[in-house]
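Please look over the sequence and the model that follow before reading on.

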There are 2 protein chains.
Amino acid sequence: MITDDARQPERLRHAASWLINQASAHSHRLVADGFAAAGARGYHYRLLAALEEYGPASQADLGRRAAIDRSDVVAALNEMAEGEFVERAPDPADRRRNIITLTPAGRRHLHELDRVLAGVQDELLAPLSAPERARLTELLTRITDHHARSRP
Amino acid sequence: MITDDARQPERLRHAASWLINQASAHSHRLVADGFAAAGARGYHYRLLAALEEYGPASQADLGRRAAIDRSDVVAALNEMAEGEFVERAPDPADRRRNIITLTPAGRRHLHELDRVLAGVQDELLAPLSAPERARLTELLTRITDHHARSRP
DNA sequence: GCCATTCATTGGTCATGCCAACGAGTACAC
DNA sequence: GTGTACTCGTTGGCATGACCAATGAATGGC
């Protein structure tokens, strides 16, 4: 993000899509930096979180829960299997599937990333009070829910 | 975005950074599709908007106003110069610089993109009332301003 | 006159979100 | 049962956005 001193065009400053993108870019930079320091990236966190909350699952299920394309799940799991954060085992009941399991190391890794994310969150939302944060969360939830429902 | 029926992990559903990213992804998809149909992409719109609001400028200035890296400004201007939306002329007063000017075709193109963006905006914010949209804009503005100021 | 800085440009990198196609496997209809 | 439609993992590709480093030309401050 290169903002410097110059003011942005007015039409951009008031466009919600621009603001959301700007906020997302800030957020993304903070998260990516924090995760990179821990040797991870966004996809890893999402997959680990889905694994801890729902237990072992197939790659396709993981992708659906973490909102990641099947093909990208493969790559992320390869990376995480190298660090022994997850285990891939064939599903005896359905030989198309792999069952992915979180290892203890993976759980520790996830909790580390949880801490990173909490710190980033605080930094990102620094200018907002607690009620304002809640309001923002609520508005954004309405938007994402609306668009998630309206998509196959 | 692959959301389908599956619920996302709770820690994601309540994290502001996740929500912002989700909203940004929706917004980005809508905007990119709309712009692509008009033969443009985000960088083009930002540069055209900066040009119309502030008049002819050097590429470096454009980059600062549109928050785009200098090197990416080059590529985007190349693409737009092909469509004759902008003109590159050397600055006689400073021979390092190019002066970029919006052509009439560029202005028409910009206004077309304005209409596209307005439509997308409406779709994106569909679930929110007018006061809610204003509130969201205000909160996001506070966040982006905060982080823009805190960066060199 | 020198030195730091700015400018446009080239040429990379990375993450994210997609899509298409493949072979293997499964499920359902008939 | 057989065939058709679907699912799964995987490979490989693409576009966008946001960066970074380095280079040569030009400028400006000192």
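Is A:A67 buried or exposed? With a relative accessible area of 8%, A:A67 is buried, where buried means under 20% relative accessible area, exposed over 50% and partly exposed in between, computed with a 1.4 Å probe and the protein chains only. The structure is a predicted model, in which local features need pLDDT of at least 70 and side-chain atom pairs count only at pLDDT 80 or more, while totals for chains, interfaces and linings use all residues. Residues are numbered from 1 along each chain as its sequence is written, chains are lettered from A and ligands numbered from 1 in the order in which they are written, and side-chain values use heavy atoms, with hydrogens and water left out.

A:A67 is found in the loop between helix 4 (59-66) and helix 5 (70-82) of chain A; helices (H or I, at least four residues) and strands (E, at least two) are DSSP runs, numbered from the N terminus. Although A:A67 is not a glycine, it has a positive phi of about 60°. Most residues other than glycine have a negative phi. In chain B, the residue B:A67 also has a positive phi, near 60°, and is likewise a residue other than glycine. B:A67 is placed in the loop between helix 4 (59-66) and helix 5 of chain B, and at 8% relative accessibility it counts as buried.

Stepping back to the whole of chain A, the reader will find seven helices and three strands, which follow one another along the sequence in the pattern α-α-α-β-α-α-β-β-α-α. Of the 152 residues of chain A, 45% count as buried. If contact is taken as heavy atoms within 4.5 Å, then residues 24 or more positions apart account for 51% of the contacts in chain A with a separation of 6 or more. The accessible surface of chain A comes to about 7,400 Å², and carbon and sulfur atoms hold 50% of it; such areas come from the Shrake-Rupley method with a 1.4 Å probe, and for residues only the protein chains shown count as cover.

The helix packing can be followed next. Helix 3 (residues 42-54) of chain A packs with helix 5 of chain A at an angle of about 90°, their axes being 10 Å apart, where axes are lines fitted to C-alpha atoms, for helices over the stretch in contact, and angles run from 0 to 180 degrees between N-to-C directions. These two helices of chain A are therefore roughly perpendicular to each other, given that angles under 35 degrees count as roughly parallel, over 145 as roughly antiparallel, 65 to 115 as roughly perpendicular and the rest as oblique. From helix 3 of chain A, the residues A:Y43, A:H44, A:L47 and A:L48 meet A:D72, A:V73, A:A76, A:L77, A:E79 and A:M80 of helix 5 of chain A. By class, this contact has seven nonpolar, one polar and two charged residues, with Ala, Val, Leu, Ile, Met, Phe, Trp, Tyr, Cys and Pro counted as nonpolar, Asp, Glu, Lys and Arg as charged, and the others, Gly among them, as polar.

In chain B, helix 3 (residues 42-54) also approaches helix 6 (residues 104-124), and the axes of these two helices come within 10 Å and cross at roughly 120°. Helix 3 of chain B and helix 6 of chain B are therefore oblique to each other. On the side of helix 3 of chain B, the contact involves B:Y45, B:L48, B:A49 and B:E52, and among their partners in helix 6 of chain B are B:L110, B:L113, B:D114 and B:L117. The contact of helix 3 of chain B with helix 6 of chain B has six nonpolar, three polar and three charged residues.

Some single residues bring the two chains together. B:S27 lies in helix 2 (residues 16-37) of chain B and, at 0% relative accessibility, counts as buried. Not counting residues up to four places away in sequence, B:S27 touches A:S17, A:N21 and B:L124. B:T137, in helix 7 (residues 130-149) of chain B, is buried with a relative accessible area of 18%. Leaving aside neighbours within four places in sequence, B:T137 is in contact with A:H14 and A:L19.

Finally, A:R29 is found in helix 2 (residues 16-37) of chain A and is partly exposed, with a relative accessible area of 21%. A:R29 and A:V120 are 91 residues apart in sequence and, C-alpha to C-alpha, 9.8 Å apart in space.
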